[in-house]
Every structure is written in C-alpha cells, then in structure tokens.
Amino acid sequence: MALDKNELGASGETNRASGRRVSDHQLIARIRNGDEAAFGEIMARYKNPITNFLYRFLNDYEEAVDLAQETFVRVYFAIDRYHTNFAFSTYIYRIASNLAITELRKRKRRSVLSLTGLFQSDESDTTEFQPPDLRPLPDRDLVEDEKSRVIAKAIATLPPKYRIPIILRDVEGRSYEDVAELMQLGLGTTKSRISRGRGLLREKLTGYMQDQNG
Amino acid sequence: MNDEEEISRMLASLRSVDAPREFEGGVRSRITARREESTLWRPSRFLVLKFALPLLLLLAGAGFLIVSNDGALNADLVPPVGDATHSIAIIDDKEVSVPDGPSPTNVNSPIAQVSTHRGGGNARTVPQGGSADIGLSPDNSTSFPDGVDPRNSKITNGKPPTGGAIAPESVLLMIGILSTCSSTGCVANSVRVGSIAAGAGIQDGDWISAIDGRPIKAGGVTGQFSVSEITLVRSGRIMKVPIGRP
C-alpha cells in the first residue's frame with residue numbers, strides 16, 4: 001500500500017481536542033455520514049496538487065481547473081465505492097489522470113493538423129494539434145518565465161504514458177512506489193517509463209539546454 | 001550532473017499552480033446541479049441505442065405481421081372481434097363480429113369465383129349478372145335437393161328439403177347477391193342491379209347472418225327455403241329484410 005502523505009499530518013485539518021491531524025480515511029468516513037465539512041477539508045487538501053498536476057498534464061490552466069473540479073465531483077458521488085485499502089491520494093490522482101486522458105482523446109478528435117518539428121515525438125499517439133493557450137496564466141511570473149513555459153510545453157507533448165509518471169515523480173515529487181501504484185504498473189516498468197520520459201524531454205529541450213549552458 | 005538529472009531538476013524547479021479561490025464553490029455548484037439532474041430521468045444515448053431502437057423495430061415487425069394476418073382473416077372471413085373495421089352484433093344470443101363495409105375481394109371484378117361445398121368442391125367462374133352453374137351436382141343434373149334451381153333463378157317453395165345442406169352462396173346468388181361465406185355468415189360482395197335483393201334494399205357489404213330466420217352455419221344452410229326474409233347486419237345493427245317477389 002502506498003504511503004498516504006496526508007495520513008502523517010503534513011497539512012490540513014487537525015483534531016482540536018487531541019491536536020492530531022485527521023487522516024484522509026477518517027474524513028472519507030465522515031463524508032459518507034453526510035459531513036459536508038469533511039468534504040471541504042478534502043478539497044482544501046487536494047485542490048492545489050490536483051490542479052497543478054492537471055495543468056502540467058494539459059498545459060491549459062482553465063481546462064485544468066475544470067477537470068480538477070470534475071475530479072472532486074466524481075469523488076463526491078463515488079465516495080461509497082472507494083476502498084480504504086488504497087491511499088486516497090492514489091485514488092484521486094487516478095481519477096484526475098483518467099479525466100485528463102479522456103480530455104486528450106477529445107482534443108485528438110477535434111484536431112485538424114499535427115505539430116511537426118521541435119515538439120514532434122516519435123510516438124504515433126502524440127501527433128496532436130494543441131493550439132497555444134494565449135490566455136494569461138494566474139501567475140504573472142510564470143507567464144514571463146520562458147524557461148518554465150518551454151518546459152511546460154515540452155511536457156505537454158509527451159505521450160500520456162510517459163507524461164503522467166514524469167509529472168508525478170519530477171514535478172509533484174511523489175515516490176516511485178506511489179507512481180507505480182497510481183499507474184497500476186510494476187516498479188521496474190514505472191522507473192523505465194520515467195527514464196524514457198526524461199530522455200524524450202532531453203531530446204525536445206536539447207537546443208534550449210545548450211543555449212542555457214552556452 | 002548528467003542530462004537525466006538535469007531534466008529532473010528543471011522539472012522540479014517549475015512553480016506550482018494553485019487552484020482559484022472560487023474552486024470549492026464551483027465544485028459544490030456542480031454537485032448541486034448533478035443532484036438536480038439525477039432527479040429527472042432522461043434516456044441516455046446508450047439506452048436509446050440499446051433498447052429503444054430494437055423495440056421500435058420489433059413493434060414495426062409486429063405491426064407488419066398484424067396487417068398481414070388481418071389480410072388473411074379477411075380472406076377467410078373470420079373477422080377479428082371489435083377492431084376498426086368490424087362491429088359486434090348479437091345474433092341468436094351470440095356475439096358475432098361482422099365487417100362494417102364491403103368486402104374488398106372481387107367486389108368490382110367482372111368475373112367472380114363462386115365456390116361450392118358440394119360437387120367435388122370445384123370452383124367455377126361466372127360472369128356477374130348472369131346465371132350461374134354453381135355445381136351442386138357433380139354430374140350437372142337438374143335436380144336440386146334443397147329446393148332451389150339456380151339456373152332459372154327461381155325458388156322452389158313448398159317442398160321440404162331432401163336433406164343435407166346447401167351452400168348459402170348458392171341461395172343468395174338466386175336473389176342476386178354474389179357473396180362469400182364463412183361459418184357465421186356471408187358478406188355481400190356484389191348485389192346485382194335490378195335483382196330481388198337490390199329491390200329489397202340489400203347493399204354491397206351487408207353481412208348476412210340468416211336466411212328465412214335460419215342462421216348460416218358451417219357446412220351450409222339446411223331446411224326449407226322460401227327466401228322470404230334475410231337477416232343482415234349493417235353498421236352493427238341487425239335488420240330483417242323481407243324479400244319481395246317481382
């Protein structure tokens with residue numbers, strides 16, 4: 001079973017009487033009993049990580065917020081089907097990943113042409129047209145940071161099977177074990193995909209890295 | 001630092017993006033909306049494709065079969081009870097379904113088929129309006145045991161029948177009615193203009209249930225016939241029509 005970071009009291013609501021932090025599973029039990037405040041606490045814990053994960057996956061802030069909200073709606077209505085033998089963080093990231101992959105497929109159906117050149121992957125399932133998101137990002141600094149923009153765009157062109165583990169491991173900082181459980185893969189396969197994803201990113205960012213080093 | 005480590009470091013240096021302030025309100029609004037939607041049943045695309053379409057095809061097929069069978073019933077003159085084209089009449093304290101209008105078969109045909117129950121079950125074609133050899137006797141003899149002489153269109157009165165049954169079509173033909181009969185009655189396909197039946201007011205499409213008060217049954221009619229009265233059903237109403245002599 002993956003380590004649920006929130007079980008250890010990294011952040012979030014605490015039991016005022018005991019001073020101990022309420023675990024995700026305790027909150028889930030309260031939500032099942034109709035405690036709306038417990039659901040609010042779950043949202044407070046996960047809304048930023050999930051939004052960030054989806055933003056890195058889609059490279060579109062508004063789409064990421066929309067899917068993050070949908071993720072919590074799905075969690076709310078499927079709360080009775082959640083099995084507590086899995087970490088809740090794994091569960092919610094899996095829902096978000098599935099929604100993101102579905103969104104990618106929708107985009108692919110809407111696509112009218114393929115990107116070629118710098119961000120063209122050798123993987124057949126990455127040939128999709130992603131129109132540039134010209135809307136301002138919430139963080140002005142992020143918009144102005146060319147480095148972040150280029151990296152984000154490079155991530156967004158990775159095939160999903162490499163993109164998800166790369167984001168979870170290198171952007172979100174989750175352990176290999178967490179990533180493996182979330183993706184329902186073996187540890188070796190997960191490490192291999194992360195390494196392969198980094199390799200693809202390196203190819204895409206070669207020119208940029210040379211400029212930076214130069 | 002190798003390339004892979006550098007990539008990892010670059011990714012880790014990306015700033016986190018936070019959810020907007022109105023995030024939780026948006027989630028709760030969606031939940032409320034979904035709850036309201038769930039109270040209204042709407043067929044999904046899956047349901048329509050999976051169930052509604054096959055059901056529609058099934059109903060169409062059933063409708064086709066019903067129409068086909070209806071045609072077959074008309075042909076056999078065993079009308080379904082109480083449908084759009086038939087009425088229920090009480091004859092001899094029994095409910096009988098009778099057609100409301102003319103039979104579609106051979107009403108306007110210049111050549112009609114008259115089938116008989118005797119004479120080897122042969123069928124002859126006769127021109128409407130003319131005399132008919134209805135084949136009561138296989139050897140085409142001139143004796144008609146039931147008291148009718150179809151060739152002269154005369155009714156032989158006063159003599160008891162010699163036994164057996166006669167096809168009601170034959171009797172009705174004598175007074176100018178070309179009919180098709182079943183076990184419960186006959187439908188007048190065509191009433192010859194100027195005939196006795198036409199003078200009595202019998203019309204095309206009338207359902208004739210009895211002759212001289214004797215109900216038409218399977219196997220024909222029996223007994224003595226003067227053909228002085230026809231019991232018919234028209235638009236669900238029973239009428240006893242006296243047959244006058246010219």
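Reply: Chain B has five helices and 12 strands. Of its 246 residues, 28% count as buried. If you take the contacts in chain B between residues at least 6 apart in sequence, 41% of them join residues at least 24 apart.

Now for confidence. The mean pLDDT of chain B comes out at 67, with 53% of its residues at 70 or more. Strand β8 (residues 186-191) of chain B sits at the top with a mean of 90, while strand β3 (residues 111-115) of chain B is lowest, at 35. Two stretches deserve a flag. Over residues 73-84 of chain B, pLDDT stays under 50, and the model has 19 contacts beyond four places in sequence for them. Residues 101-162 of chain B also stay under 50, and there the model has 106 such contacts. Where pLDDT is low, the predicted coordinates should not be read in detail.

As for the partner, the contact takes 21 residues from chain B and 29 residues from chain A. On the chain B side, the elements giving two or more residues are α1 (3-12) and α2 (23-39) of chain B. By class, that side of chain B has 11 nonpolar, seven charged and three polar residues. For the scores, the model gets ipTM 0.71 and pTM 0.48.

Note on methods:
Residues numbered from 1 in each chain as written. Chains lettered and ligands numbered in written order. Predicted model: local features only at pLDDT ≥ 70, side-chain atom pairs only at ≥ 80, totals over all residues. pLDDT = per-residue confidence, 0-100. Helix = DSSP H or I, 4+ residues; strand = E, 2+ residues; numbered from the N terminus. Contact = placed C-beta atoms within 7 Å. Nonpolar A, V, L, I, M, F, W, Y, C, P; charged D, E, K, R; others polar. Buried ≥ 20, exposed ≤ 12 C-beta atoms within 10 Å, placed from the backbone.
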